[in-house]
Amino acid sequence: MSERSCSTNGGACYSQCGHGGDEQSRRSFCLSALGMGMGAAALATPIYAGARMACYPWSQEGLSGKEYQLSTLDALDSTPRQFVVLDNVVDAWSTSPNQTIGVVYLFKRVDENGAEVPVAFQTVCPHAGCRVKFGDTKNPVTNEVEPLFYCPCHGDLFTLDGERLVPEESKSARSLDSLETRVEDGKVFVKFQNFQLGTAEKKPV
């Protein structure tokens with residue numbers, strides 16, 4: 001658009017093409033506004049994600065500390081096996097049914113009264129959150145190969161009681177996190193719970 005046509009169109013022309021120094025000012029303003037908008041959009045994503053992480057426990061109220069039937073007592077033996085904990089996960093907009101919210105080790109042993117009782121442990125290592133494995137592993141104390149829990153990330157070893165095998169050398173500040181169990185009509189219920197990592201104290205989260 002020429003300068004002459006701008007003069008013909010009057011003030012409306014400046015909204016389309018600018019004029020002289022005003023054009024440069026308008027361009028600078030538009031570029032600044034565009035940059036601010038892009039910056040705000042980029043910043044909004046991590047803020048939103050962080051807010052969702054902070055609020056997630058509120059939106060999932062009832063999942064942590066809730067009982068789940070995972071097996072029957074007759075189906076268990078003395079070898080720890082992993083059981084997946086499923087529940088309906090609800091966020092602000094939708095419900096996702098039968099989602100994995102955790103995994104636990106579950107087995108049974110005979111207590112001091114001669115009764116069979118279920119035993120459950122979190123599969124999450126209390127040190128840094130790696131998934132604990134179970135299998136035949138060399139015991140550094142006895143030099144014998146025996147079934148132990150072990151952390152594949154940092155090498156911590158735990159007995160079948162969940163205790164740290166060599167506490168003074170363990171990266172984990174505490175033993176495996178045990179979970180409450182109960183038996184009703186032969187069915188085994190486990191109270192699933194997550195715990196704070198990296199602390200000597202067992203703190204539910």
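In what order do the three strands of the open sheet stand, and is the pairing parallel or antiparallel? In this predicted model, the three strands follow the order 1-10-9 with antiparallel pairing; two strands pair if DSSP finds at least two bridges between them. Strand 1 (67-72) and strand 9 (181-184) each have a single partner strand and stand at the edges, so one side of each is left without a neighbour in the sheet. From one strand to the next, the twist averages 30 degrees (axes are lines fitted to C-alpha atoms, and angles run from 0 to 180 degrees between N-to-C directions). Strand 1 and strand 10 (residues 187-191) run antiparallel and are joined by five bridges. Within this pair, tyrosine 68 has valine 190 of strand 10 as its bridge partner.

Residues are numbered from 1 along each chain as its sequence is written. Local features need pLDDT of at least 70 and side-chain atom pairs count only at pLDDT 80 or more, whereas totals for chains, interfaces and linings use all residues; side-chain values use heavy atoms, with hydrogens and water left out.

The protein chain contains two helices and 10 strands, taken as DSSP runs numbered from the N terminus (helices H or I, at least four residues; strands E, at least two). Of the 205 residues, 29% count as buried (under 20% relative accessible area, 1.4 Å probe, protein chains only).

The largest nonpolar core has 16 residues, among which Leu70, Val85, Val104, Leu106 and Val190 touch the most other members. Such a core is a set of buried Ala, Val, Leu, Ile, Met, Phe, Trp, Tyr and Cys residues joined through side-chain atoms within 4.5 Å. Strand 1, strand 2 (81-90), strand 3 (95-110) and strand 10 each supply at least two residues of this core. Beyond residues up to four places away in sequence, valine 104 touches several residues, including Leu70, Phe83, Val85, Phe121, Leu179 and Phe192, contact being defined by heavy atoms within 4.5 Å. A second, separate core comprises 11 residues, including Cys125, Cys130, Phe149 and Leu176.

The mean pLDDT of the protein chain, the predictor's confidence in each residue from 0 to 100, is 80, and 69% of residues reach 70 or more. The pLDDT is below 50 over residues 1-20, a stretch with 15 contacts in the model beyond near neighbours in sequence. Residues 40-62 likewise have pLDDT below 50, with eight such contacts.

How values were computed:
Buried < 20%, exposed > 50% of the residue type's maximum accessible area, 1.4 Å probe, protein only.
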